[in-house]
Amino acid sequence: MNTNKKYKDTVFTRYFSDEKKLRLLYNALEHTNYGEETKVNIITLEDILFMNQKNDICFTIDNKFILLLEHQSTINNNMPLRCLLYIAREYEKLIDKNIIYRSTLQKIPTPHFYVLYNGVRKYPKEKTLKLSDAFLVPQNTIELELYVKVININYEENHVILQQCQYLKEYSYFISVVRTYLKKGFELNKAIIKAVKICINENIMKEFLEKNSSEVINMLFTEFDMDTAIKIWKEEGKDEGKKEKQIEIAKNLLDVLDIETISKKTGLSITEIKKLF
């Protein structure tokens with residue numbers, strides 16, 4: 001899959017950017033039974049939905065257009081609108097612009113939109129977001145609609161889809177192990193390293209983690225729910241001096257966030273943060 005290198009892949013996109021995994025995941029999502037004879041085409045993505053990370057996978061299968069997104073924080077209720085903008089751009093790339101001015105009906109792949117929620121905040125096992133909920137004026141007859149299906153894939157939720165797709169179950173378990181060690185007081189990077197070792201030993205995502213362990217650690221540190229990690233670090237330092245803890249948190253974020261964001265999250269001035277480099 002070609003990507004714009006100024007944007008970072010996530011563990012989710014790297015792990016699932018594979019025809020076999022996507023086919024099995026789609027079978028679980030749509031209750032289909034596609035085999036290897038059904039091709040999956042991963043589409044080159046534009047940086048439309050996200051400003052600094054790429055946690056979306058777009059692919060076609062059997063004349064269907066699938067957009068998968070993974071979230072590790074609160075669900076954005078603007079996802080239907082963002083998906084609308086996204087799919088319009090993708091259709092523009094797929095279709096010869098001259099064709100749409102002809103009288104013959106131009107067939108297009110049928111779109112499906114999914115968000116796989118993996119955050120720490122409480123969320124239903126399933127929920128459907130609708131574009132029409134954003135309309136300023138309610139309509140009895142909706143003339144434009146788009147549905148985004150949100151599925152809670154947290155390991156503890158034990159959604160049936162985890163039983164239907166082993167790859168998704170293993171990914172969900174891996175993230176769960178990371179969070180378990182965060183709750184035990186481990187710093188984020190140490191929690192990730194611990195989770196990688198445990199999952200390899202338990203034959204969870206083993207081949208992927210063995211081949212990509214250093215990249216996984218870096219990617220997950222970047223993409224992980226920073227607000228949650230910072231909250232945990234702050235709770236660990238309740239009995240420590242406030243300034244010392246602010247500095248410790250800032251050091252953990254130096255390679256992850258920009259200076260202005262670190263300043264907002266820690267309360268340190270930009271000048272203080274620059275001194276840490």
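Buried means under 20% relative accessible area, exposed means over 50%, and partly exposed lies in between, with a 1.4 Å probe and protein chains only.

## Basis of the model

This is a predicted model, in which local features need pLDDT of at least 70, side-chain atom pairs count only at pLDDT 80 or more, and totals for chains, interfaces and linings use all residues. Residues are numbered from 1 along each chain as its sequence is written, and side-chain values use heavy atoms, with hydrogens and water left out.

Helices (H or I, at least four residues) and strands (E, at least two) are DSSP runs, numbered from the N terminus.

## The sheet

Strand S5 covers residues 64-71, and seven of its eight residues are buried. S5 belongs to an open sheet of six strands in the order S2-S4-S5-S6-S8-S7, with mixed pairing. Two strands pair if DSSP finds at least two bridges between them. Strand S2 (40-42) and strand S7 (126-130) are at the edges with a single partner strand each, so one side of each has no neighbour in the sheet. On average, neighbouring strands are turned by 25° against each other, direction ignored. For such angles, axes are lines fitted to C-alpha atoms, for helices over the stretch in contact, and angles run from 0 to 180 degrees between N-to-C directions.

S2 and strand S4 (residues 56-61) run antiparallel and are joined by three bridges. Isoleucine 42 stands opposite phenylalanine 59 in S4. S4 is also antiparallel to S5, with six bridges between them. Isoleucine 61 has lysine 64 in S5 as its bridge partner. S4 and S5 make a hairpin with two residues between them, and aspartate 62 in the turn has a positive phi of about 50°. On the S6 side the pairing is parallel: S5 and strand S6 (residues 110-117) share eight bridges. Histidine 71 has tyrosine 117 in S6 as its bridge partner.

## Nonpolar cores

In soluble globular proteins, nonpolar side chains tend to be buried together. A nonpolar core is a set of buried Ala, Val, Leu, Ile, Met, Phe, Trp, Tyr and Cys residues joined through side-chain atoms within 4.5 Å. The largest such core has 47 residues, and Leu68 and Phe174 have the most contacts inside it. A second, separate core has 21 residues, including Leu67, Tyr86, Tyr117 and Leu146.

## Aromatic rings

Rings of Phe, Tyr and Trp (its six-membered ring) pair if their centres lie within 6.5 Å; planes under 30 degrees apart count as stacked, over 60 as edge-to-face and the rest as tilted. The count by this rule is eleven aromatic pairs. In one of them, the ring centres of tyrosine 15 and phenylalanine 208 are 4.9 Å apart and the planes are at 65°, so the pair is edge-to-face. Tyrosine 15 is in helix H1 (residues 11-16) and phenylalanine 208 in helix H7 (residues 206-223), so the pair links parts of the chain 193 residues apart. Tyrosine 15 is buried at 3% relative accessibility, and phenylalanine 208 is buried at 11%. Ring pairs join Phe12, Tyr15, Phe16, Tyr167, Tyr171 and Phe208 into a cluster.

A charge sits over a ring if NZ of Lys or CZ of Arg is within 6 Å of the ring centre and within 35 degrees of the ring normal. The charged end of lysine 21 is over the ring of tyrosine 167, 5.2 Å from its centre. Lysine 184 lies over the face of tyrosine 181, at 4.6 Å from the ring centre.

The expected span of a helix is 1.5 Å times one less than its number of residues. Helix H6 (residues 188-201) has 14 residues and should span 20 Å, which agrees with the 20 Å between its end C-alpha atoms. Among the buried residues of H6 are Leu188, Ala191, Ile192 and Ala195.

Most residues other than glycine have a negative phi, and most peptide bonds are trans. Just after H6, asparagine 203 has a positive phi of about 65°. Methionine 205, in the loop between H6 and H7, has a positive phi of about 50° and is buried at 2% relative accessibility. Histidine 31, in the loop between helix H2 (19-30) and S2, also has a positive phi, of about 55°. Histidine 31 is exposed, with a relative accessible area of 64%.
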